[in-house]
Every structure is written in C-alpha cells, then in structure tokens.
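This report goes through the model shown below, chain by chain and then by its nonpolar packing.

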Amino acid sequence: MSAPAAFLLRFALPVGIGAALLYAATLSLDPYSLTILQFVGINVILAVSLNITNGFTGLFSLGHPAFMTIGGYVTAILTMPATRKTAMLRDLPSILAAHEWPFAASLTAGGLVAALAAVIVGIPVLRLRGHYLAVATLGLIFIVQSFAVNLPGITRGALGLAGLPPVTNVWWVYLVLVLTLLTCWRVKHSSLGRTMLAIRENELAAASLGVKVARTRVLSFALGAFFAGVAGGLWAHLVTLIAPGSFSILLGFQLIVMVVLGGTGSIAGAAIAAVVLTLSTEWLRPIEEAAGLFGASQIIVAVGVILVLIFRPSGLFGTAEPNVFGAFARRRRHAQSTP
Amino acid sequence: MTGAYLLSQIVNGLVLGAMYALIAIGFSMIYGIVRLINFAHGDIFAVGAFAALGSIAIAALPFPLAVLVVLLAGALVGLLVERAAFRPMRGAPQVTGFIASLAVAIILENLAVMTITAQPRTFAIPAWLGALVPLGSISVRVVDIAIIVLALVLTAALVGFVRFTRTGMAMRATAENYGVARLMGINIDRMIALAFAIGSALAAVAGLMWGAKYGQISPLMGTVPGLKAFVAAVIGGVGSISGAVLGGFVLGLAEVLFVGLLPSEFSAFRNAFVFAALILVLLVMPNGLIGKSTETRA
C-alpha cells in the first residue's frame, strides 16, 4: 500500500466518517445530548493527552486540572468582550484588555501558556519520581487555585469569570479531538514516542543509550499540558464559566482512572475508557437522583477501578492499540493455516 | 507586634503541628513498609472526627473513653481498607496502590456524604476542655494543652512499642527489608495490617482533636489536612516516625506563623505556601530532615 493510500485509510477516512456521523447527530439529537457529546469529546482529549505524560513517559502526573485552569482562564480572558474586560479586570495589561481575540487564537494561546507553565514547573519538579511527582503535581493544583482566587484584578477571584461567550460547539470539540488524536498517534509512532516508552520502561538503560531523559520528560509534560490547556478553554466556553474550583482533584483522579482503565500508553484504550466513563456517569446520575443516593455513581466507578487494578492491572489494552484490521488479518491467516 | 501575640501564635502552631504529626506518623509507617502513599489516610482522619462526635455528643461517653473509641474506630477502618483494597494488589507497581488509595478515598467520602450528608456539623466539647488557663502573658484553652500532651503521649507510646517490643522489632525488620524479614519467619501480612491499624488509629485521634480545636467537622474535611500531613512526613523524612513528628510540628508552626506574621494579603496563599514548601524540600533535601537515603535514584 502506498503511503498516501495508507494515510487515507488510517486517518482521512475515519475522520470523514466521524464528521458525517457528527453531522447526523447535530440534526437528530436534542441540545442536552449534544452538550453531553461535547463533554465526552473534551474528556477524550484530556485522557488521551494525559496519556502522553502518564502513559508514554510513565510520569505519574495528577496536574492536568492545574493546566486546564490555566488554559481556561487565559482563553476566557482573551475571548471576553473588550468593554467587559476594562470594567471587570482592572489589573489586566492594556494590550490584552483592549482587544478580543478570535476563539481559535485564544485556545492556542491558552494551550501555549499552559505548556509554558508546564516547562517552568517541570524543570525542577520532574526530577522527582513516582509518588513524589504525583504529590508535587497535586500541590500544583492547589497553587494554581490559590493564584486564581487571589488575583482578583485579573481573574475576579473566587467569583470566577462568568457569562463567557458560548462559542464551544461540537465542531470545535471535534477539531481539537482529531488534532489531539493525530498528534498522539504521530508521537507514539515516532522516534520521540519510542524514546518516551524507553524512559518509562527503564530510565537508566535509556539514559545510557544516549536518550536525553530530562528533556524528553519535560517535553512530554508540556505536550500533555498544552492539550489540557486547550481542553480547559473548550470547557470554559461550553459551560460559559471558569472559576478557581472548576477543575478539582476529583477530575484529575477521573482522568487518571481513564488512562489506567484503558491501559497506560494505549491511545484507543484511553479514548474508549473516557467515552465509557463519561457516559456511564451521565446515565447513572438520574438513577442516583431518583434513589436519593448522591455519590453512588462515584462509589461504583471507584470500586470498578479497584477491581480492575486487582484483576487486570495492565488495563484494557496494555500499551498496545487494538488493531481492527490486524485482528481480521490474523484470523484469516489462522483459518488458512488450519487444514 | 506584641510578645503575647507571638506566643499565642506559637501555641496555635504547636496544636496544628501535633495534629499534622499524628496523621503524618501513619503516612510514614505505611510508606515505610509497603511504599504506598495512602491517599485515604485523610479520610480516616475524618472518620475519627465523626466517631468522636458520635461518642461524645450522642453516646455521651466521658472524654478519655471517647478517645479509646476513636482509636478503635480508626484502627478498624484502617484494617478493613488494607484487607479489601491494598492486600490483593501487593507486589503491583507503586502507582497501582496509589491509584487504589485515591479510589478508596472517594469511596469513603461518598459513603459519608450519602449516610450523614456533606453538611458541616458543630462539634461541642465538654466545658472543662474549653476553660482558659493562664500561661505566662497569655491564656490558652485546656483543649490546646490536651491536644499537645495527648499527641506527645501517643507518640512516645508508639516509639516505645516499636523500639522495645518483639513485635516492634519485627515491624522495623519488615520496613528495613521486606523479603529478608519474611525469610526470618516474620508474618508480613500481620505487620502490614498492624502498620495500617496503628497509623489509622492515630489519624482518627487527630480527627477528634481537629473537631475539638476548630469546633466544626464535615465528611470532606480530611483531604487538605491529609495532604499537608503527607507534606509534613516528607519534610521530616518519609519512613521515620520521629521524622514524621518533627515534620508535623515544623509544618504546623511554619503554616501558622506564615499566616500570622505576614501581611494579611498573603494569608490566602496558605495552601500554596505549604505545597511550595513541599516541592522545595523534595528538591533540596529529598530524604527530609532526618530520613535515611535508601531510595534508589533510578
């Protein structure tokens, strides 16, 4: 198969089919279901991007909510109408206050600022390992929240920025989702991705083979943070609000769960786990409300996580990608070889 | 700034530090043996607060008996959590246990919210605990002194137990080298369960103290003190009991003085300060104030 044909089959075709299905969905679904669909998409973006940091490179980061908060605020401040900015956000530099940016540019800026924060924080913090890194990134959530609360001239403090323009729609989410999946896929199957996996499997061996461990770690941390920042911007403009507590530790935990359930390092695994978990929480909610047992769905999910960790510790797919065509080909070969 | 103000801030810092120390001991003991950061530890602290509320306000038990009930309740929940969640995944990568402990935390919190609602409750203490005692130029409440004394007594008892009894020696051996300890005929399962029981019992008592000191408890109260106590354990050197106690007092004092002595616009950065301190300590002294450097770098 020639390279363009392979690209068409593997990438353009699924994207086209997805777009067609999405178009059908916008025609047939009610606004509520479409909103849910957008949350599913955003969660897939988050889980897949966290997978770069946690799955590929094996850095146990819980810091995604911190980067979402940064990205969300940056995007929100940029898209806000200039008149409201000058009235509400007094400490904003006048260059930012005078203009309102288009959504795509704001999202990109949100992602870039989040990635920059990740680089600044990452250079010292990524020297830590395992648990320590997890707790340090958890602390990062608190630190970012403190800044959001305590800089009222830029963030309006605990009130948060409300009434943002509701510009996020299914197409924006789909565009970012496709870009995220494509980036992750290309990274995983590049020399950079193999470098990351090598660091995860054996850092000492990787370093002695000339892999620049520190640089690769920071890069994968920043890459994950970029998409988290963009997703934070999408989220803020979907619910039209960003507040210091919008993205909590609980969300960080749910994202980790998605990555672990899907299999650390598996893009499709993380994506599928994100879809299943988001939808099941959504479906369990009415049952929970009817029974008056608020929190029951979270308990069910948490128990499920423990069971998976005990009985299938490598998650749904491990690091592999489920290969539909490959499985089909194997079965045919198997059928031919048996007389 | 008067000397009296400074002195009362120091007392407050010591009280907060005593509570951090008790929670941090559990973190340290569990980490020392199974290399697990038990995220549910802060929720066991909350369980202790509610056990205390039940035994003091509802069952009207005398205070010393209530302390005993809280110790037992904490130990029981700790044992249960260890048996149900952590024992089945022993030997898995570190991160697995960490995620499991997050899941346990969510289960405990939501169970509490479902059964007793997330509403904060007032925690009334007996009148004699609220009485004021003159101490030099300031007067402190009996409860403040009781917290510090109780924390020191419990810590001393634990250190004595670990240092001078056969079981204590077995626990130290297990923490030192898990595999060799097993070869020497030590029942590893029992040692780990014991670490969970003791650590959780102490965290539960800290929950009682928290309620008595601040007068209000809620099912979600454990998250932030739990995390900060972990910071305390790291500052002191994870794995060492005396390190955890030292770290707890250092962090408690530092936090209260940070809020009390700096201009008020900084006080809102309290949590940020604690976690920034954590990151700094991890980078500068990864083994803490008195920890041993046994961790491998790669």
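Of the 298 residues in chain B, 52% are buried, where buried means under 20% relative accessible area, exposed over 50% and partly exposed in between (1.4 Å probe, protein chains only). For chain A, the buried share is 50% of 339 residues.

This is a predicted model, in which local features need pLDDT of at least 70 and side-chain atom pairs count only at pLDDT 80 or more, while totals for chains, interfaces and linings use all residues. Residues are numbered from 1 along each chain as its sequence is written, chains are lettered from A and ligands numbered from 1 in the order in which they are written, and side-chain values use heavy atoms, with hydrogens and water left out.

Chain A has 16 helices and two strands; chain B has 13 helices and four strands. Helices (H or I, at least four residues) and strands (E, at least two) are DSSP runs, numbered from the N terminus.

| Property | Chain A | Chain B |
|---|---|---|
| C-alpha extent along principal axes | about 80 × 55 × 50 Å | roughly 60 × 45 × 35 Å |
| Accessible surface | about 15300 Å² | about 12500 Å² |
| Carbon and sulfur share of surface | 71% | 69% |

The areas come from the Shrake-Rupley method with a 1.4 Å probe; for residues, only the protein chains shown count as cover.

The radius of gyration, taken over C-alpha atoms, is compared with a globule rule of 2.2 Å times the number of residues to the power 0.38. Chain B has 19 Å, which agrees with the value near 19 Å for a compact globule of 298 residues.

The largest nonpolar core holds 197 residues, and Phe67(A), Leu161(A), Leu22(B) and Ile25(B) touch the most other members. Helix H1 (residues 3–34) of chain B contributes the most to this core, with 16 residues. A nonpolar core is a set of buried Ala, Val, Leu, Ile, Met, Phe, Trp, Tyr and Cys residues joined through side-chain atoms within 4.5 Å. Another core, of five residues, lies apart from it and includes Leu22(A), Leu34(A), Val170(A) and Val178(A).

Beyond four places in sequence, Phe67(A) is in contact (heavy atoms within 4.5 Å) with residues including Leu140(A), Phe221(A), Ala225(A) and Ala228(A). Ala228(A) is also among the residues that Ser49(A) touches when those up to four places away are not counted, along with His64(A), Thr180(A), Gly224(A) and Phe227(A). Ser49(A) sits in helix H2 (residues 31–56) of chain A and is buried, with a relative accessible area of 0%.
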